[in-house]
Structures are given as C-alpha cells and as structure tokens.
Amino acid sequence: RSSSIANYVAELKTRGLLRSSYPSNLDTEFATELNSLPPVVYAGFDPSSESLHIGNLLVFLNLLRSRQFGVRPIAIVGGATAAVGDPSGRSTERKTEARDVLLRNTQLITAQLKSIAGNVLDDDLIMSVVDYLRNCKQLRIGEMLRVGAVKSRLADERGGISFTEFSYQTMQVLDWTMLLKKYNCRFQIGGSDQLGHLDIGAHYIKRTCGGIFAAGVCMPLVTDRAGNKLGKSIGEGQVWLNADLTSPFHFYQFLRQLHDDEAELMFKYYSLNQWEYVLAKIEEHRSNLGKWIVQDALAKELTKIVHGEKGLNIAERCSRALFQGSISDVKSFSRTELLDLFGNTIKVVRDDVKTMGDLADRTRSDNIKGSALMVQGAFKVNGEKTLNSEEPLVVESICLPEASDLTLICWGKRKFHLVQNKMADHKILPVFAFVDDGEQLQQLREYLNSVGKAKLDLQGKMSENLNHCGNDLVSGPSDVSDNLMDICAQLPVDYILNSVCSLMVMVPAERAFEVVKAFCDAITPAHFKGNGWNSNAGYAVHVLSNLFRGFTAHPKIQEMLYRSLVAMCSEAHMIGELDCSTETLQKQFKQWGTAVDGQRDILRLVHVGLLEDQKADQAAKVMIMLLGTYTEEDAALAREDAIECVRTAVVDAKSFSFDHLQRLCAVKALQKSDPLMYSALELFISGTLKDYLSFVKAHPEFVGEKLKVDEAVLLKKIRLLTLMSIAENNNVILLDKLAEELDLPSDDQLEDFLIDAIQVNAISGKLNEMTRTLVVSSFQHRRFGREQWQTLQKRLQTLVSNLKQSYANIHSINQHIDSLA
C-alpha cells in the first residue's frame, strides 16, 4: 500500500516537478523505502534578502501541496545558514550580511510565509564550537568535495571557495538532523541546485541514526523559452512576494502576460488545484487561444495566495483601468489610490532628468537605453506617445492631475510603471541649516571642538575676516579637511561629512575649487574603508555624490569630484552605483572639457574599479575607450595601458574573441615595445593548446610574472578556444579525438569540461553517448572579420524576410476572420 509520502511524490512526478532526487530513481528502485517514510516533509529558505521571490514560491507552494496527501509540511527559515552562505548556483562568494540585517530578513520572511500558510520554524540552531565540531565528526570530506557547487568552485583558480561557504552543507545537515529528532522528518524538498546537500544529509542521517533511510527531491528551475530564469527574463528585475518590492498589480500582470507555453508550465507547477482541474483548464485554454484562460487562472490563484483577496482586488482594478478603460480613468485616481494600486514607484530625482530621454533612461531597469528605444514609439508618458529624446522635460507638465509628484509611464503596450519625482537628496544637519554662513561655520567648529579630540582654531583666519563670509568658508572647510582624519576617528563619519558638505555648497564660485580640492584630498580610500552604503567608504560616496550634483554649473569641480567618487566607489565595491558606460563618460568629458591626459587618468580609475567589482565586460569596454585616445604618433606612450588591456582580456574567463584589439594602434605598438606580450595576444586570437604549451615551455615565467594569473586558468581558456576552433571546421566531433586534442582523459573529466564550455557559451551542443560524439549546434567565432559580418548580414536578412512573410500571413488570416464575422 502506498504511503502519504509516496502518493505526494507521485503527484510531484505527474506535474513534472521531479528534476532529480536522492537516491536517484527514488519512486521505482526505492519504492519500499519511500513507503516507509513518516508523513513529514520540510524545505528551507535562506533570508539572504528581505523577501522571497517567484522562484522560492515554487518550493513553498509544493511544500504546502503535501497537506493534500496527509503530510505535515514544515518550512524552516535559515538565519544561521544564510549567515554562512550557500555556494550552490554561484561562481563567487556570497556577500556577507550583517547579523542585524539577517535577523530582520528572517523576521520579514517568517512573517511572509506565515501570512500565506503558517507553520514556519525559525532556524537559529545554537551550539558551541566544540559541539558543532563533534556533530560534524561523521561527515566525510571526500563526500563534501564531490558536491557539484564545491567542485566547480574549487576548479576556479581565481576564486575558489572559503571555508565558511564550504561548511554550509554541514549547517543544512544539522538542520535536517534536528528536524528528524524533533518531528521525525526524513524527507526534504528543495530547488534545482540542492541535490548535493540532499545527498550529504541523507548519508549523515543514515550514518548517525542507526542506518535509517532519508530521501529528498529537487524541483526544476523555472525558465522561459530562451532558458532565462523566469522572473528575471523580462528585463524588469526579480518578481518579489513583498508588495513593497513588487506590487500586487505588477505581480498579477507578470503572470497574466506569460507566453502560453510558460503559463501552462507554471500552472502545472504552481497551482494547488487538483490535477484534473489543471488539465481541464489547459484544454479549455488550447481550445480558445487568445483568451488567456490559463494566464488568467494562474494570475488570480497566485495573487490571492500571496497578497490575499484585497491584493487581488487591487491588481484587477488597476488592470481594468489600464487595459480595459482609458487613461482618463487613471488620471482621475487620487494620489493615495495610485500608490495603493501600484504599490511601489520608480523614484527619480528632478535634478537628474533634463530631457524626456533622461526620463526614459531612468525608467529602464535592463541594459537597453530608453532614450534610444523611445524613438521607435515604445514610450508613453501619461498615455501620450513620446518620440523626441531631446525634448526638454518640464516636471509640472507630466504630473498626473490628482498627484503633483507622480507620472504614469508605459513601455510597449503593457509595461506600466508609476514614477515619483523627488527633489535632490542633500543631507544637511538641521542644527546648522538656518543661520548665517559665517555663524554656521563658527558653530560647526565649536561643535567639533566640544565633542572631538581634534581642535580647530576659533580665533585664526576667521576672526580676521568676520565680515567676509566667503573667505571664512574657504579657510574653514580647509581647516576641517586638514583635521578630517582625526575628527572622523572621534565622531560618526556620516554626521561630520554631511556637515562639511552643507557648508561647501555655499562657498562663492570663485573660491569653491580650492575648498573642494582640499576636501577631495582628504576623502581617499586610504582613510575611508569598507563595503556598501553603511561603511565609512559608503558615507564618503554619498557625500561626494551630493556634492557632484550640487556643482552642476562648475564642470572643473565636477570632474575633480568624479575622480574622488570613482576611487571611493572602488573601495566600497559600489562602482555599479555610478553610470560608467562609455557613452556617459564621453558625454561627461565633452561637458567638462577634459584634456586627453585627464580622460586617460579617469578611465584608468574606472577600469580598476570595474575589475575589482568583477565587472570584466564593462571594464574591457572602458579599456578599449582608453586605448582609443592614443594615435599612431603617441601610441608608444600607451605601452603599460596596452599591456594591461591584453592581460585583462586574456585572463577574463568570459572573453573568447580578441582580434579587435589588434586594430588599436596602442596594441599594435606592442610589436616593438613588448613583442612577447603581442605574441601572447596572437596566440589567444588563433592559436591552439599545442601552440600554448610550446609558448609556455619557451617562456616559463611569462604566465606568472606578466599575465599575473595561475597557469590552470589559462590552460582551461586555451582548451576552450581550441574547442571553438575545432567546432568551426566540424559540427560532429569524436570524443576520443577531442580528448587527444585537448590533452584530457576521455572520461568524466572531458565531460565536465564540455559541460563548462556549454555553460559559458563557448559552444552549444549535445553529447551522444551511444556514438561517443559531440554534436555542435553553434559556437562563438574566435575572429569576427568581414566574412563573419557578411554571414550575419545574410542571417538577419533571412530573419527580416521571414518576419515580413509571417506578418503577411497573419494579416491575411485576420482579413479572412473579418470577412466571416
């Protein structure tokens, strides 16, 4: 007779939710053991953010599904495990969050789960280090090293894995063991990347609990037709369950606008309705294409589950107004109603948007520039199509009638967002805000002297010029800058920096440069350190950013502030907060009138910051822009920059095409100034593994000393490039022959390499185990010259032709339908 757990697993399999299991073939080869499991199942959720998202909801809803089979579901929110960090599905270390942040996230997610279903435990397993180590005695290092996430991270010589994240699996094991002892829980479900943790946990339980059987299943990753993770594939960021992050309207519309294939799959995966009902609804949908039957059912069910009846009503009301009513209906809503309907807004600082193109850029969350897209008619402001990106923006003219700070924008036909216009954010200490400038400076000095050890002269330059406030301000902040390090060591950094900043924006224009320069000289990574906004470096970034916006009319001061901003953003690992695109940099240089040498200095700073923040693709573009400032006349001066360009490109794991670098005159000059580095570039442009091994043999110190990277990294890179070269000439490759070319054993090691090659998009294809071949469907070109451009042109022409034919066919069908009506 089937047990509750067995019936539950059968239902998951019917719905296509068994991606993998431990042990494998759980429902067939281990049917007896499966039937013996007690009716308890658990799933864990790490509070790595303040809300769960649509992907987490898949696991949670299917955890709740177990109730339909008499199984007790337990959700555990892992505060301790989140503090350690799960290495699964990542190639780099997770950011370590502060204890108070994790505690707050844990409370928020626990409340979120309880609002949906209740029955949530808080995982804060507390034990001494000695007890922890004693409990880990039965864990085997060999088993832990075989976990896929650990194995792939150890293979990455640049990153590797910390002991903290390596020990994550021990925390999950202890969680499961604790639940076994308290609730007799021997079954677990998880996401697509959790199989290794299930394996380790089940083995540990068997080893330490008298040989009892434990098992679990992993659910599939929900993706769109292009293979992108669903919820992030639409260019709008993650779809959160928290209404403040993703409003009920946007949550509802995300589901309502799914493609038919995606909607049917999600309905099977997510719906808690009986399977027969799901199949009937899908059949009804397929018989009435264009009526969005499955999308409608899915959106209503999940929105009600996550946001309740009230949230569903809000989403449906907003949808009716936007898609079935008219823009006048929306304009009639009060400000409170609009904020209730949309939930969250895109906040735009008024000083940051001068044109409609600026507004379009600020309201895109993907990598597409809105100002370029709007000319195609894809951008509407309050229902009016806007095409001219250079049209001056008058804030008052775009606000809704009943809400003077809100604007409704729409991308395409269905992507609506509410934009909130905000004044510039200048954080000034109120105690000094409403007094005479000279008196304000005097109060600031007195205040700093009263609470800090660093003493400022109250009778010096200022007393001689009390009637010349501008002179006071010039000398004042300079004095503060001279003592800034001592002052900030005694007082809250953000408090002091904002105080000084509030004075500097009032300095007369003719004297401002030297004051700001003194301030920038003091605000350096050598003295202000840390990661993120809440660090000393982050406070410095905030103040420098405010100053940057405050001196828009002074290009030279802005340029100086931008240099300091880049340096501090690099220290705080916040370079992503700056718009460092080459287009923006070119625009800024033109606006500032930056000399070529100054441009080069800034571009070098930006390049270093992007590399430190692991934004190699963007860093490469900046480096190419830097080298583009050199001409044949001064190319020899670019030797160090050109060497760094070649080095970073070659060692970047995601770069496979380098021939474009040869077209830069600064790189060409390396043929004379550094022929060995130029030879290395040529090797990675067209060479193979055999060429690389010969090069390294002739120059054994080059990789470590010049390229500054572990040889294993380059060995993997040149193997990938060699594979790409082979794929260009043959789309069916014998594995034994390939193993010989790549100098790899023709076993699991070769298979792992090919899987990695597909994951990094070096090639696409499938392994045929029967014929022992690799069938290549596509590959990246190592060179992209005239021939490749011509091929691309032909493919695009074919695509355009096919689209035109499809359009003609659809038009013909519509005409036929109209004639029948």
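What share of the 821 residues in the protein chain is buried? In this predicted model, buried residues make up 48% of the chain. The accessible surface comes to about 40,300 Å². Carbon and sulfur atoms account for 51% of that surface.

Next, the secondary structure. The protein chain holds 42 helices and 14 strands. Consider contacts between residues at least 6 apart in sequence: 70% of them join residues at least 24 apart.

Helix H30 spans residues 582–592, and helix H32 spans residues 616–627. Their axes come within 10 Å and cross at roughly 40°. On the H30 side, the contact is made by Thr582, Leu585, Gln586 and Phe589. H32 contributes Lys621, Val622 and Met625. By class, the residues of this contact are four nonpolar, two polar and one charged.

Now turn to a loop. Thr355 sits between strand E7 (346–349) and helix H19 (356–362). Is Thr355 buried or exposed? The relative accessible area of Thr355 is 16%. The cut-off for buried is under 20%, so Thr355 counts as buried. What does Thr355 touch, leaving aside residues up to four places away in sequence? The partners are Ser389, Glu390, Glu391, Pro392 and Leu393.

Key:
Residues numbered from 1 in each chain as written. Predicted model: local features only at pLDDT ≥ 70, side-chain atom pairs only at ≥ 80, totals over all residues. Heavy atoms only, no water. Axes fitted to C-alpha atoms, helices over the stretch in contact; angles between N-to-C directions. Helix = DSSP H or I, 4+ residues; strand = E, 2+ residues; numbered from the N terminus. Contact = heavy atoms within 4.5 Å. Nonpolar A, V, L, I, M, F, W, Y, C, P; charged D, E, K, R; others polar. Buried < 20%, exposed > 50% of the residue type's maximum accessible area, 1.4 Å probe, protein only. Areas by Shrake-Rupley, 256 points an atom, 1.4 Å probe, with all protein chains shown as cover.
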